[in-house]
Every structure is written in C-alpha cells, then in structure tokens.
Amino acid sequence: MVTDPIADFLTRVRNAQMANHRIVEIPASNLKKRITEILYNQGYILKYKFEEDNKQGLIKIALKYDPTSKQPAIKALERISRPGLRQYAKPEDFKRVKNGLGIAIVSTSKGVMTDKEAKAQNVGGEVLCYIY
C-alpha cells in the first residue's frame, strides 16, 4: 500500500522521463485524474487516457519531449505538502514557481486547480506540488 499516492504519481512520471519512456501507466484516483488534466491543459504532457478495469483503473500518460534536444517538457516535479507536514496557503500567499514559469497545483474547497486559478477565484488550500 502506498502511503502518499501523489508522491507516487510524481515519482512515476519523473522516473519515466529519466528513462526516456514515451508512456507511463499510473493507478487511477480522482485526484490523480485531475492532476493529469491540469498537466495536459498547461502543456506539460502530450495526451492522456483513463482506462477502466474491474479494479482501480489506470491512467496512461504520453510524455512530452522537445523534438530537437530530446529534453522532457517537465524539468522538475516537487512535492510540497506531504502526509507528515501539510502545507496550506491563502490566495495572497501563493509563491511564484520559477518566477512565474512553473505552476503550483492546489487542492481547494472548489476542487484541484493551479495556483493562478485559485488566486483568480480567491480561494486558498493545500499546496500539493510545484511543476516546472
């Protein structure tokens, strides 16, 4: 059993990129599905597919690489809030990730969203991770 499913999600993506894999498979949950949608909408992954089986389900993510240098689109995935130490922030306290070039994924009362969306809706929440 995984004690931190978000860290497991981030680690699987990070390891797949380091090994230059094109596709990574991750056990599904609603939170992981929403994080995957955010990564797609922000342009960090090529595409994704949610597959249902008789158990938990599966997320298949096609990773994005630069065609000339073969570098991954995601430079770093950093877990912020973890089970042992939760990190919460108000909308005015969100830190800029890589001087505005990256995103923070925040779990709010209105759902999981980026820090920019949360700031626009004036809601705070738990800062899950930074991606740049």
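Strand β2 is joined by six bridges to strand β3 (residues 58-63), and the two run antiparallel; strands here are DSSP runs of E of at least two residues, helices are runs of H or I of at least four residues, and both are numbered from the N terminus. Two strands count as paired if DSSP finds at least two bridges between them. Within this pair, F50 stands opposite I59 in β3.

This is a predicted model, in which local features need pLDDT of at least 70 and side-chain atom pairs count only at pLDDT 80 or more, while totals for chains, interfaces and linings use all residues. Residues are numbered from 1 along each chain as its sequence is written, and side-chain values use heavy atoms, with hydrogens and water left out.

The pair belongs to an open sheet of three strands in the order β1-β3-β2, with antiparallel pairing. Its edge strands, β1 (23-27) and β2 (45-51), each pair on one side only, and the twist averages 20° from one strand to the next.

| Helix | Lies across | Angle |
|---|---|---|
| α1 (residues 5-18) | β1 and β3 | about 165° to β1 |
| α2 (residues 30-41) | β1, β2 and β3 | about 155° to β2 |

Just after α2, G43 takes a positive phi of about 85°.

Technical notes:
Axes fitted to C-alpha atoms, helices over the stretch in contact; angles between N-to-C directions. Contact = heavy atoms within 4.5 Å.
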